[in-house]
Amino acid sequence: MFPTQIEELLLKQGALAPHYQIVLTKEGPLDVLTLNVEPCPETAPDTATIDAAKKTLAHDIKSLIGVTAIIHVMPVNGIGRSVGKARRVVDKRKG
């Protein structure tokens, strides 16, 4: 899996902003992928639209990439911005 694959699917969701962060953790023997995303400012108050986009994105990631992702919708501007290359993947797994 490449972050650009996730980004490509995210960009298809008009209700979600193109800002994202992939967080990898471990639960027992399994790796867990959490995808932090932001709503577009104009759709932020519309929870039904955000929920639909979140479900569609999780389905697309599973169908096209083969990975189950937990989608966590952050507030608008809730994902840190950096100057230069963005840090898209945070690996919290040990060892």
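Helices here are DSSP runs of at least four residues, numbered from the N terminus. That's handy for finding your way around this predicted model.

**View 1. Proline 3 sits in helix H1, which covers residues 3-11.** Proline 3 is partly exposed, because its relative accessible area of 26% falls between the cut-offs of 20% for buried and 50% for exposed. Leaving aside residues up to four places away in sequence, proline 3 touches Tyr20, Ile22 and Val89. Have a look at arginine 88 too: its C-alpha lies 7.2 Å from that of proline 3, even though the two are 85 residues apart in sequence.

**View 2. Strands S2 (residues 30-39) and S3 run as a parallel pair.** Five bridges link the two strands. Asparagine 36 stands opposite histidine 72, which belongs to S3. To get from S2 to S3, the chain passes through helix H2 (residues 47-65), making a right-handed β-α-β crossover.

**View 3. Strands S3 and S4 mark the two ends of the confidence range among the elements.** S3 (residues 69-73) has the highest mean pLDDT, at 96, while S4 (residues 89-91) has the lowest, at 90. For the protein chain overall, the average is 91, and 95% of the residues score at least 70.

**View 4. Stepping back, the protein chain has two helices and four strands.** Along the sequence they follow the pattern α-β-β-α-β-β. The radius of gyration is 13 Å, close to the 12 Å that the globule rule gives for 95 residues, so the chain is as compact as a globular protein of that length. Of those 95 residues, 32% count as buried.

Technical notes
Residues are numbered from 1 along each chain as its sequence is written. This is a predicted model: local features need pLDDT of at least 70, side-chain atom pairs count only at pLDDT 80 or more; totals for chains, interfaces and linings use all residues. Side-chain values use heavy atoms; hydrogens and water are left out. pLDDT is the predictor's confidence in each residue, from 0 to 100. Two strands pair if DSSP finds at least two bridges between them. A crossover is right-handed if, with the strands pointing away from the viewer, the path from the first strand over the helix to the second runs clockwise. Buried means under 20% relative accessible area, exposed over 50%, partly exposed in between (1.4 Å probe, protein chains only). Contact means heavy atoms within 4.5 Å. The radius of gyration is taken over C-alpha atoms; the globule rule is 2.2 Å times the number of residues to the power 0.38.
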